[in-house]
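Please open your viewer and get ready to pick out a few side chains. We will go step by step, with something to select at each stop.

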Amino acid sequence: MTENPDHPRRPLHYTEQDVQREVSELETKSATAARIFDLRRIIGGLFVLYGVIVTITGITDSQAAIDKAEGVNINLWTGIGMLLLGVFFLAWLKLRPTPPPLPAEGPAEDTE
């Protein structure tokens with residue numbers, strides 16, 4: 001069997017420091033992923049995108065479509081509402097970002 005240079009062979013026994021280092025790396029990756037996939041970003045982005053589409057539809061509506069909605073340009077008002085909600089979510093994300101994870105509790109001693 002040949003060795004794959006991309007995947008070096010891992011040692012069979014891990015020291016406590018190796019385990020702690022791997023755990024801290026995984027916690028850092030998890031915190032970064034949590035900030036990237038924050039629901040406020042996804043919801044805000046989608047509402048802004050759909051709000052722009054519906055607002056443009058409302059601006060370009062014909063008089064017949066407005067009369068069908070009893071004289072209210074419902075697409076325009078709904079689009080503006082969606083835009084405002086999306087901007088609210090994105091502003092909330094900007095003003096109150098996800099806090100970084102707290103450091104793990106325990107002794108941080110070197111036992112060498």
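What follows is a short tour of a predicted model, with stops at some aromatic rings and at one valine.

**Stop one: the aromatic rings.** Searching the whole structure turns up three aromatic pairs. Now show helix α4, residues 74–95, and you will find both F89 and W92 on it, three residues apart, or about one turn of the helix.

**Stop two: the surface view.** Is F89 buried or exposed? Its relative accessible area is 15%, under the 20% limit, so F89 counts as buried. W92 has a relative accessibility of 38%, which makes W92 partly exposed.

**Stop three: a charge over a ring.** Keep W92 in view and select R40. R40 lies over the face of W92, 5.0 Å from the ring centre.

**Stop four: the valine.** Move to helix α2, residues 39–59, and pick V48 there. With 23% relative accessible area, V48 is partly exposed. Which residues does V48 contact, leaving aside its neighbours within four places in sequence? Select M82, L83, G86, V87 and L90 to see these contacts. To finish, draw a distance between the C-alpha atoms of V48 and M82: they are separated by 6.5 Å, although the two residues are 34 apart along the chain.

How values were computed. Residues are numbered from 1 along each chain as its sequence is written. This is a predicted model: local features need pLDDT of at least 70, side-chain atom pairs count only at pLDDT 80 or more; totals for chains, interfaces and linings use all residues. Side-chain values use heavy atoms; hydrogens and water are left out. Rings of Phe, Tyr and Trp (its six-membered ring) pair if their centres lie within 6.5 Å; planes under 30 degrees apart count as stacked, over 60 as edge-to-face and the rest as tilted. Helices (H or I, at least four residues) and strands (E, at least two) are DSSP runs, numbered from the N terminus. Buried means under 20% relative accessible area, exposed over 50%, partly exposed in between (1.4 Å probe, protein chains only). A charge sits over a ring if NZ of Lys or CZ of Arg is within 6 Å of the ring centre and within 35 degrees of the ring normal. Contact means heavy atoms within 4.5 Å.
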